[in-house]
Amino acid sequence: MIARTLRMSGGIGIWLAVVWLALGLALPWLVFPRLAADIVIWALFAVALDLLLGYAGLLSFGHAMFWGASSYLCGILIVRAHWSFVPAVLGGILAAVIIAAIVGAVSIRRQGIYFAMITLAFAQLVFFFANQFKDFTGAENGLQGVPRPWLFGLPVNDDRAFYYIALAFAVLGVAFALRVVHSPFGQVLTAIRENEPRAISLGYASNLYKFGAFVLSAALSGLAGSLYVIAHGFTSLDTVQWQTSGQVVIMTVLGGMGTIFGPMFGAALYLLINDRLSTLTNSPGFVMGALFIVVVSLFRRGIVGELIHLFTRKKPAA
Amino acid sequence: MDLSLLALQLFNGLVSGAFYALLSLGLAIIFGMMRIVNFAHGAMYMLGAFGAYMAAQYLHLPFWGALIIAPLAVGLLGMAFERTLIRRLTSLDPLYNLLLTFGLTLVIEEGMKQFFGMQGTPYSVPSQLQGAVNLGVTFYPTYRLFIIVFSALVCLAVWLAIERTPLGAKIRAATENPPLVQAFGINTSRLATLTFGFGVALAALAGVLAAPTTSVTPAMGSDIIITTFAVVVIGGMGSIGGSIITGFIVGLVAAIGAMVYPPVANTGVFILMALVLLVRPAGLFGVLERRSI
Amino acid sequence: MQRLSRFIMLALGAGVLLFASSYPATQASADDTIKIAVMNDQSKVYADLDGQGGVSAVRMAVQDYGGAVLGKSIKVLSVDHQNDPALASTKAHELFESLGASVIIGLPTSSVSLAVSAVGAADHKLVIVVGGATDDLTMSKCNKYTFHYGYDTYALAQNTGKRVTEAGGKRWYMITANYAFGESMLRNFTAAVQQAGGSVIHNDYVPLGNTDFSTYLLQAQAMRPDVIGLMNAGGDTINSMKQINEFGLQKRGIKVGVGLLFDSDVSSLGPDYWNGATITIGSYWNLDDKTRAFADRYKAKTGKRPTWIQIADYSAAYQYLDAVNRAKSIDANAVVKALEGYHFEDLFARHAYIRAQDHLLIHDMYVADVKPASAVTIPWDFFKIVKTVPGEQAYRPLSQVTCKM
């Protein structure tokens, strides 16, 4: 799958992959390993959102429900059922997929704004349930003390070692996203995003495609969320709050929707700036919010998107 | 079941319903007119509450003065936002304005946190409205009754203005067909600015009403905006009258649910929303958006 | 076009690499500066009782100590934990492992203090909990590297709970914040109330940060307790009290037992809202000349009077530095030894010593009433000390300590 994606991208595509991979490999030596792991995990989450936002054209303001629910279930499976790494992660993904199936079934028929608000509201419901099942989730106290599970029979306690595991999973996830985007399924999604009535008139069941994109996006988010709880040994109600949904939207839009690499860049930028700022100022939120306003107003395609646009737009004929 | 307890809860429900109604009315007006989902609506509500506090602190204005000044000030602020930021994105997918107003919310909230801290500022019930009223079955705080009555009157007045006056007709027409209305010589862009200002002024009014009973903190807007969105989804986004009625109904239902199971007070709205969506996808009073060909 | 766009993404990737490489990942020089980290809530419900003011207090302590110890200069790092245990835990690891902090001070919000205490135990670094209240820190969750400095839920319950019950408040209706702190308060207050001959007739668990208490208060009204016990803090207590006033519950003869109160809480609502509530505090800025002198300097620096937690922050930081000096090392094990059993007296801690068995600071506590607004002649002078309770009586006796390190 990865090979095919690379082949499809052409020569420069391979260089692209090489540089980003090098970056990924070098990251834990450049920044604090836990922060590096966070960057990679959030980058995956942002890519998951981009699949839905940039390619299917649907803004979900409730993606925290997938990220959070998967982190909780994965964490619970590790702490209570003593599952190991991969089965627990799969459990987390399953949680996200089930929620997506339910929510999607009810909301996918709605358009743009409505869809965004409905996902927001459903995410609140998930928050409510997480808060209610205190015995499992710890509610306000959070799910604490999640030991790091063994991967294929080996412990992964060292922060740097764990980072590379997380990187591997993230690469798989991103490669999967790229594969989807360049597949016939992905192309239909793009067609639906650009002109849904036409796509329908061509015979495509647009709602089904959108539903598929929603579930796939949720699954990738679930992967990211599971990695999150394993990375931190914790998860808390923070992960299912709407501010988290907003955060990943900021990352994706900041980087550039519809570019896959843009959101990853956006995630890295957001986390690095936030980390730097929180020691300098008291209010990284203010700066991020202001930056976001500037990007949405002026650089709508996001940083990566705008740069691409800048260098690739056709010059008008003289 | 204890009758007095039930009566008290019903009134509590009407109070929260009053806030939902005022807020979703403002949202519905802005959305109906401009197709903008104003995520910053909660922040405007918060600014209204702080406006009341600041009016008391610095202008030594009592509650009644604040009730006029704060919405006016926030309305003007809203108009400024509309002209400078929001207008640029109106021609695009409404998603962009949702994102923009989301960014605005962050900036406003964080900014207020820097100035006022998190714990809230004191604001007391105006002396004329202190104490409780004997309702026969039970006692109920006078001020809360005032909230119910005042909000209902404001909602009614706004509804009448939109449905029955010439200005309202212009607004409704501009909602349906802006170019045609412009052809009649009506300045739709000015109308849009005024509408936005009015919508957020309503939110600020709700904020002033809330200041005596809730903690005035920078986060108070965030707490309520999400619930308000759910109310709007339940009611159907375009309908003015629908948003008012839905606001009160949701407040009542959530309060009664809370009697049975207290955590429902906060979350009942979302459960209700899920149920309504299953039965009536367009919301109780809404019409399914037709896709434009 | 695709080639070019990919080239750009490639360039950006390289750019991020360069940017990240400019980022100091490990701040070495753990040798030439000693770093004290102050971690508390700087943006959410508990931001005013400790927050930035607590950081200022610690900075003052460092300054008063001379700015250096063992020949090395001292640096104060400030971190916002936003009441999130997961975030706090990550930051704590970062502070200990990569930023070279040798101690974390502060930590209001009991769930966060527990999480960071665990990090301290894992990383073998000192954690001094000043703001966090749960007695779990010195009982079921105690460990060698954690010190509980300031107050705890046991002390609050024994003093406030018993006093209010003995004054006629036999039947209690509890409103409890649904997390570690609230649970600990409920447990301790229930025990204290029962010991004094009272009983808890009902308890409501309320989400942290909840703003509308009307449902719970109405139910309380219907049950006619003698006392409504507020097992919450900060913004939650303020909201509860505001609405209790609104519903006129006190006029109907129901007393209010405020579990935990700070000067900032009173300032936030105004003294009259608290109707002379009786509370337990660890110190007070207007207690005597020593505290007043500190409060004047604090006011010159921050413009406000310190809450009693901020005074405790100052003391904790100062005593830490002194312990480092006595131990002649910043190694956690050595400093722990220097602190255990140490008797001292400073502006916050009177007749104080750090109990070796559970690392609890035993010191005088004070029972105080909130003054009515008419009696507040000096700004911020909200409390009237009614009784001084010696540490031995205020805190859990040694015989009941179950901590095993």
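Visitor: What should I know about numbering and confidence first?
Guide: Residues count from 1 along each chain as its sequence is written, and chains are lettered from A, with ligands numbered from 1, in the order in which they are written. As the model is predicted, local features need pLDDT of at least 70 and side-chain atom pairs count only at pLDDT 80 or more, while totals for chains, interfaces and linings use all residues.

Visitor: What is the radius of gyration of chain C, and why does it agree with a compact globule?
Guide: The radius is taken over C-alpha atoms, and the globule rule is 2.2 Å times the number of residues to the power 0.38. For 405 residues a compact globule would come out near 22 Å, so chain C agrees with its 23 Å.

Visitor: What percentage of chain C is buried?
Guide: Buried means that 20 or more other C-beta atoms, placed from the backbone, lie within 10 Å of a residue's own. Of the 405 residues in chain C, the buried part is 61%.

Visitor: What is the strand order in the open sheet of three strands in chain C?
Guide: Strands here are DSSP runs of E with at least two residues, helices are H or I runs of at least four, and both are numbered from the N terminus. Two strands pair if DSSP finds at least two bridges between them. β11 (278–281) and β16 (383–389) of chain C each have a single partner strand, so they stand at the edges. The pairing is antiparallel and the order is β11-β15-β16.

Visitor: Which residue is the bridge partner of Val370(C)?
Guide: β15 (residues 365–370) of chain C pairs with β16(C) over six bridges, in the antiparallel sense. The partner, in β16(C), is Phe383(C).

Visitor: Which element gives the most to the side of domain 1 of chain C that touches domain 2 of chain C?
Guide: An automatic or database domain assignment sets the bounds, giving domain 1 (33–151 + 287–363) and domain 2 (154–281 + 367–394) in chain C. With contact meaning C-beta atoms, placed from the backbone, within 7 Å, 22 residues of domain 1 of chain C touch 24 residues of domain 2 of chain C. Two elements give two or more residues to that side of domain 1, α4 (110–123) and α11 (308–327) of chain C. The most, three residues, comes from α4(C).

Visitor: Which element gives the largest share of the side of chain A that touches chain B?
Guide: There, 35 residues of chain A are in contact with 36 residues of chain B. The largest share, 12 residues, comes from α5(A).

Technical notes
A residue is buried if 20 or more other C-beta atoms lie within 10 Å of its own, exposed if 12 or fewer, and partly exposed in between; C-beta atoms are placed from the backbone. Two residues are in contact if their C-beta atoms, placed from the backbone, lie within 7 Å.
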